[in-house]
Structure formats: C-alpha cells, structure tokens
Amino acid sequence: MVETKEKKAKEIPLEETLNELAKRRGFFYMSNEIYGGLTGFYDYGSVGTLIKRNIESLWRKHFLSIGENSFEIEPTDVMAENVFVASGHIKNFIDPSVRCKKEGIYYRADHIIGNVLKKSVEGKSAEELSKLIKEHKIRCPKCGGELADVKVLNMMLPIKLGAEGDTIAYLRPETAQGVYVNFLRQFNIQRGRMPMGLAIVGKAFRNEISPRQLLIRQREFTQAELQIFFDPEKINEAERWDEVSKYHLKVLFVGEGEAKKKTCEELVSKDGLPKFYVYHMAKMQQFFIEVLGLPEEKFRLRELDQDEKAFYNKIHFDVEIYLESLHEYKELGGVHYRTDHDLKGHQDVSKKSQEIFYEGKRFIPHILELSTGIDRTFYACMELSYRHTSEREWEWFAFPPKVAPFQFAVYPLVGKDNVPEAAERVYRELKANYAVVYDDSGSIGRRYARADEIGIPYSITADYDTLKDDSVTVRNRDTMKQIRVKIKDIGKEAAKLAGLDSLSQ
Ligand code: GAP
C-alpha cells in the first residue's frame, strides 16, 4: 500500500494529483460539470470556499491596515462602455491569438513562440509575432499543423443590456476601474484625506484565448486590489518607513539573472526606486511570506521590462512564485504605479474634473495599485502545502491554521458509553471561536486521513480515558505527535495551537 502511494506520487504529474484531490475533496472543480464543463470557469466546493474566504479575510486584514485611511467598497461587476474607453482597455487590452489551420484550435501566440524560443516575447505586435512564427518555422504544439497569421483579440466580455440589447456594457476585466469611477465621491466621504486607500475584493472577467493550468488562467476569477491615491510630489516619502527600511526584499531586476535580497533602504538609495513604492512592495512581500506562510526561496518580486509592462504602468514589479506543478514562476500579483493614467482618462471621457484641492494645490492624484489574484494565490497555497511521505498512506496539506478550512476536527473514538457526549462538549466549546468539524464515522485512521487530506491542522479525540480524567488527545497533522489536554484547558490550548490572533473568524 505504502509503495503503491509512493509510486503513484512519482508517476502522476503534480498538477494532475492536485486536480484529482481538489475534485474529490471539494476544493474546486470545473464549473457546469454535468453539462461537460465550461472552459476557463471553476467552481469552489465546500472546502475550497472556506480556504478562499480565509485568504480573502487575511488579505483584507493585512492591506486595509497599511494606512489609517483605507476602506473596502463593492461596486458592480458590469460597467459602462465609456469606462473602458477612458481606461484604455477597449484599445489596448488585447492578446495575440493564432489558429492552428489543421485543427482550428486557438492559442496565445506569444506563449507558443515564447515556449519554442525559450524567452518572453510578450508585448510584440501581431506582425512581429507572425514574422517570428515564419522565421522559426513554429507549428501547432498539439498536432504539428501549420499556424495562421497572428491576430489580436480584445479580452473583455461585452454584454448587451435592455429589451433591444442596444446598450453595450462590459464585465469588468479588472476590479480597479470600479474604484476609479468612485474616486471623487469616496474622497469626500473619507473627509478629503490623502493618501487614501480603496479596495475591492471581487470578480474580474477576461475572454482568455487559451484558459489553462486549472485556476491560473481562467475567464472569471477573483482579484483583491488596493488602490492608493496619493500626491505625486510625495512619492519619495513613506509615513511608516522605519517599519520596513531594514527589511529585505527579494528582487529580480530587468537584465539580471537571479533575484537578490536587498533592504528597502538599498532599493531606494542605490536602485533609485521611490520610497512610497518600495514601502508598498514590502507590504506585498510580507503578505505572501509572513501572512500566508509561502516559502521565501520560491518567491520573488520581478521587474517587468518596457514590452511586458501593463499599458498603464510606469513602474511595475510582479509578485511571482515558483510552482513545481507548472515548472515555472507564476505571477500572483503586482505592484503597479499607474500614475494619473486612469483618473485623467476618466476626466477626459466623462468631462467631470477629477482634480482635488489638497494642501494648497490643485491636482489629479496618482495611483499605486497593489493587486493580488486570489485564485492563483489559492492554488499556490495548495501546491506549496501539499505533502506526501512513505510513512503515511495518504497525502495531506500543511496549511497554516489561518488558511486551513477548519482549524480543528473533533472525534468520539466510539459511538457509546458517554464518549460522544464528551466529544460534543469539546466541539461546542471550540465552535464558538474556530472553524471545527465533528466526525464520528469510520475508523479513527480514516478520520485522520479525511482531515489531513483537507489540511485540518489538529484532530481532537475523546476516548475511554476521557471518561476517567476528563482529558482528550490532540494530534498534530504534520508531525502526527499526540498530547493529552484537559477539557477545561482546551480553549486556552486551542488558542495557542491555532495562533488565530491575526484572523477574526
Ligand atoms: N488591476 C491590475 C490588473 O488587473 P493583472 O496583472 O492583469 O493586473 C492582476 O491582474 C492579478 O490577477 C494577476 O497578478 C493574477 O494573479 C490575476 N489574474 C490575471 N488574469 C487571470 C486569469 N486569467 N485567471 C486567474 N487569475 C488572473
């Protein structure tokens, strides 16, 4: 049995293993499954939803406390066409697509070419990409068929509103625009103070040409974005600089081979990055490494070159994590200095001034955007917590308690002789403060396996000894070590174990 598992783990690619566990244990699965699935769309099941909510809560707690003046808002997913004329998405939010002439399948042209040439060709025009395909005789990666000329496709999803369907609107391709159109109203509501943070945790929609890699490239996904409005003359200032000045960031600059650790102070004094920007880079890194517990050795903040940068950014570093299942670094988020690009665009198209009068001068604020893809972060947490060893017959997820779907599982060893009553007492006490599951079916080994497979950090069992000394067994998921704890002390012990001081559940 042990050998079979070991063998299985070696032979099956990690992406497939995670997909199988995700489906079987209710993390996520293809949406509209009974109709054959809808490509690029995933549903979160009961376990995945709990984990995703935890990641979102941790995001809110971390990012909304960066400044004193940051709040979350909830604008609509559907936005007027002019919003995207103003933002530049109608003109610039395009991806190059290429069709296999033999099978008619569409691919992202830059991805296919990049894979063959082993370098990024993001940002090149359709003509340049078509030329590269011809020059390097690049063919369809699936069937080897000839590729057609590269075309550009706008990635937004339009919808027709009204009885006649004559009003065109769009599902927002980024949450950001929902904040920008609310800027002036919120500036007044937040009593005209700067810097001002406005966050949205919500859906974004993109008509990706080739959705793939499970949650990594979907057509509907969740973003958590904080937009910080600030006075551009203060870009070299950061109010709580002392908190981060000695903190090391792992940064990969354009043209450098590997990421280096540099203090925030060095990034400002030697690399010339603005203090305000670097302070917020630190806050991003802290979220992924310190709050979510992702391994620093797989993390980096990568500077994007002129061709790769989003069309609205002046300075752009992506948060990247190495994912073994995909054999590459993946972007989980970004720190985007968008300047006044968006507010100026909205001023021009809406004809409503976006200027403010602040500290004796009139100007359009600049925007620093801290953007996180929640689904990609979820996938990274899942992959990087995945464990299997020859000592255990089943796989498990070593989620930190704050991320885990439940912090505790409670079991009665047997279903008689007042043992269930003791387990229920523990369950009720913990339930008030934690996410707890009560499981009384199957052997204790099966129950441990079920808990481990969804990453519950602690399993608590009431047994016959409980009836004698009013204590229960607490098993640690990762070490499998067990301790005995008196039921009267379980609340105190649980607080210590779960370390939930940073997550209000
Ligand atoms: N407002 C800025 C913005 O939208 P982006 O880099 O296009 O920037 C931000 O997207 C984050 O959203 C990415 O870092 C990624 O984590 C996530 N994301 C983007 N496209 C995605 C997709 N098709 N599927 C899942 N997540 C995606």
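How far does a polar side-chain atom of E331 lie from an oxygen atom of the ligand? The distance is 2.6 Å. This is a predicted model, where local features need pLDDT of at least 70, side-chain atom pairs count only at pLDDT 80 or more, and totals for chains, interfaces and linings use all residues. Residues are numbered from 1 along each chain as its sequence is written, and side-chain values use heavy atoms, leaving out hydrogens and water.

**Ligand contacts**
- A backbone N or O atom of L332 lies 2.9 Å from an oxygen atom of the ligand.
- A polar backbone atom of I216 is 3.1 Å from a nitrogen atom of the ligand.
- Such polar contacts are pairs of N or O atoms within 3.5 Å.
- On its own, the ligand has 560 Å² of accessible area (Shrake-Rupley method, 1.4 Å probe). The protein covers 94% of that area.

**Shell around the ligand**
- The ligand is surrounded by 21 residues (a heavy atom within 4 Å).
- E174, Q218, E225, E331 and E369 are the closest.
- β16 gives the largest share of the shell, 5 residues. Strands are DSSP runs of E, at least two residues, and helices are runs of H or I, at least four, numbered from the N terminus.

**Nonpolar cores**
- A nonpolar core joins buried Ala, Val, Leu, Ile, Met, Phe, Trp, Tyr and Cys residues through side-chain atoms within 4.5 Å. Buried means under 20% relative accessible area (1.4 Å probe, protein chains only).
- The largest core has 83 residues, and F27, F28 and L249 touch the most other members.
- Helix α11 (residues 275–291) gives the most to this core, 11 residues.

Methods. Buried means under 20% relative accessible area, exposed over 50%, partly exposed in between (1.4 Å probe, protein chains only). A polar contact is a pair of N or O atoms within 3.5 Å; within protein, one must be able to donate a hydrogen and the other to accept it, and residues adjacent in sequence count only if both atoms are side-chain atoms.
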